[in-house]
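Subject: Structure for you to look at

Dear colleague,

I am passing on the structure we spoke of, and I would be grateful if you could read the notes below with the model open beside them.

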Amino acid sequence: MEFLSAPFVICFILTFVLYYAKSDKRWQHAVLLLSSSVFIGYYHIVYLVIAWCVTFFTFWAGRVLHKYLNTSKSVWVLWASISILVGFWLIARYFSPLFPLGISFYTFQALSYLIGIYWEEDPERDFWDFSLYMMLFMKFLSGPIERSYDMLPQLKAAKIFDYDKVTKGLKMIAWGTFLKLVIADRIGPALNIVFDNVQDATNIQMMVATLLYPIQLYADFAGYTLMALGLGRMMGFELKPNFNRPFISQSTGELWRRWHMTLSFWVRDYVFSPLNIFFRSIGKWGIAFSLLITFVAIGVWHGAGWTFVLYGLFQGIIVIYEMMAASFRNKMKEFVGNGVWSVITILRTYFLFALSLLFFRVSRLSDVWYMYRYMFRPESFSIKELRLGMSDYDWIVFGIAVLLMFLMEYINSKHDILEQCVRMKPLTRWSCYIGLALIIFLFGAFGVENFIYIQF
């Protein structure tokens, strides 16, 4: 049940009306759990059964872990629970013919919850509140990955209809829809032709597709996240943002602090930090080794196969280089000037990220090596090749939409656009709303793609 599908829209409208029909916590939670169960079970009833089993096990394991806290048994309970969850995730993710959608995201939530209890956070005593934390439909399939200490307190009281929150949520959904339909799905089919038929593409087509894929992936995933945040806002919840202008990053390390932030911060806190403490006796090499393991773990989280391992390894090696060469990079910055250096490093970071994403997007490792070998060869080309089979109209729409995306992100970094909308005169505000709606309906590529991150 995709966010942009008719069944979801109908389900959400019914949920929204019933949710605010009574300002009672139990009623509202029952409505959300029912709608979340319908949302998950709509894909396959097995997904729903698995989600409830993981939820029940994590709640029970948390209670047992808290019972034995500060005793020798607590370590055994923690590691046994982690092993069961991770083991089940690995089996379901890599060996099961029926991959449960969303399992990577809610398994990480479960792990952070148990580790938090071991670190002496209080366990949740209300099973239904905990179930909603695990299964809330707007974040279930592709995140954001919520921490229990952020989300559970928001579930402790009934929500009262708030016009400002609801309208802000709708604006976030509208902008997310723009990113998805007008940018990601506009360019998606052309890139798919290249990546799925690498041997038939020319070197310039491979290069163009490689450079444009980060934009498609960003618009797709950021679009999904904005819709999730908007849906949550409409229900009175504040979900964590997942992106913060990643394409202005001047290093790969900075990019990962701006890209898929809830995953990046999760692995920082629960993978990198413990490893870094363990290897701190060997100084920088300990940090480097911890970074390498962390980024390989990020790659493996995304999928099975050597392509995903190498995706993480690629990122890890770059981040380690940036750490080791920090003094040299600072000298170069002083030599060429701050402004020029910023441009160089932003372009460098984007280009390396684009190259690494070939491991993420191209299914066969041999095809990735083929692209690396041939895309940089100097050959003559025609304008027709640059178009990737798209019409001039599609390119104009895509180009203007991307420029608008970057412009809006820049403005939002200076002034909160949602707050600015409230202060606009009604005629100006509604003109913007209607204009955005018309852009989506006139220029959106409807029915083209699913969300990319639904597969994780």
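Contact, as the word is used in these notes, means that heavy atoms lie within 4.5 Å. Please keep in mind throughout that this is a predicted model.

I begin with Arg 186, which lies in helix α9, residues 163-196. With a relative accessible area of 13%, Arg 186 counts as buried, because the cut-off for that term is under 20%. Leaving aside its neighbours within four places in sequence, Arg 186 is in contact with Leu 181, Met 390, Tyr 393, Asp 394, Val 397, Phe 398, Phe 443, Gly 444 and Ala 445. One of these residues, Asp 394, forms a salt bridge with Arg 186, in which the closest N and O atoms are 2.6 Å apart. Arg 186 belongs to helix α9 and Asp 394 to helix α19, so this pair ties together parts that are 208 residues apart in sequence. Both partners, Arg 186 and Asp 394, are buried. A polar atom of the Arg 186 side chain also lies 2.2 Å from the backbone oxygen of Phe 443.

The salt bridges can be taken next, and the structure holds 18 of them. Lys 156 forms one with Asp 129, the closest N and O atoms being 2.8 Å apart. This pair links distant parts of the chain, since Lys 156 is in the loop between α8 and α9 whereas Asp 129 is in helix α6, 27 residues apart. Lys 156 is partly exposed, at 40% relative accessibility, while Asp 129 is buried, with a relative accessible area of 0%. Both residues belong to a network of salt bridges that links Lys 25, Arg 26, Glu 124, Asp 126, Asp 129 and Lys 156. A further salt bridge joins Glu 322 to Arg 348, with 3.1 Å between the closest N and O atoms. Here too the pair links distant parts of the chain, with Glu 322 in helix α14 and Arg 348 in helix α16, 26 residues apart. Glu 322 is buried, its relative accessible area being 8%.

Turning to helix packing, the axes of helix α5 (residues 103-118) and helix α6 (residues 127-135) come within 9 Å and cross at roughly 135 degrees, which makes α5 oblique to α6. On the α5 side the contact is made by Tyr 106, Gln 109, Ala 110, Ser 112 and Tyr 113, and on the α6 side by Phe 130, Tyr 133 and Met 134. Sorted by class, this contact of α5 with α6 has 6 nonpolar residues, 2 polar residues and no charged residues.

Helix α17 (residues 365-374) has as its buried residues Asp 367, Val 368, Tyr 370, Met 371 and Tyr 372. These buried residues of α17 pack against α9, α10 (203-234), α14 (306-324) and α16 (338-361).

Glu 254 is buried, with a relative accessible area of 18%, and, once its neighbours within four places in sequence are left aside, Glu 254 is in contact with Ile 248 and Ser 249.

Finally, there are some backbone features to check. Most residues other than glycine have a negative phi, and most peptide bonds are trans. Asn 70, although not a glycine, has a positive phi of about 70 degrees; Asn 70 is placed in the loop between α3 (45-67) and α4 (73-94), and at 65% relative accessibility it counts as exposed. Leu 388, likewise not a glycine, has a positive phi of about 55 degrees and lies in the loop between α18 (383-386) and α19 (392-414). Leu 388, however, is buried, with a relative accessible area of 7%. The peptide bond from Gly 143 to Pro 144 is cis, with omega near 10 degrees, and Pro 144 is found in the loop between α7 (137-140) and α8 (148-151).

Conventions:
Residues are numbered from 1 along each chain as its sequence is written. This is a predicted model: local features need pLDDT of at least 70, side-chain atom pairs count only at pLDDT 80 or more; totals for chains, interfaces and linings use all residues. Side-chain values use heavy atoms; hydrogens and water are left out. Helices (H or I, at least four residues) and strands (E, at least two) are DSSP runs, numbered from the N terminus. Buried means under 20% relative accessible area, exposed over 50%, partly exposed in between (1.4 Å probe, protein chains only). A polar contact is a pair of N or O atoms within 3.5 Å; within protein, one must be able to donate a hydrogen and the other to accept it, and residues adjacent in sequence count only if both atoms are side-chain atoms. Axes are lines fitted to C-alpha atoms, for helices over the stretch in contact, and angles run from 0 to 180 degrees between N-to-C directions. Angles under 35 degrees count as roughly parallel, over 145 as roughly antiparallel, 65 to 115 as roughly perpendicular and the rest as oblique. Ala, Val, Leu, Ile, Met, Phe, Trp, Tyr, Cys and Pro count as nonpolar, Asp, Glu, Lys and Arg as charged, and the others, Gly among them, as polar. A salt bridge is a side-chain nitrogen of Lys or Arg within 4 Å of a carboxyl oxygen of Asp or Glu.
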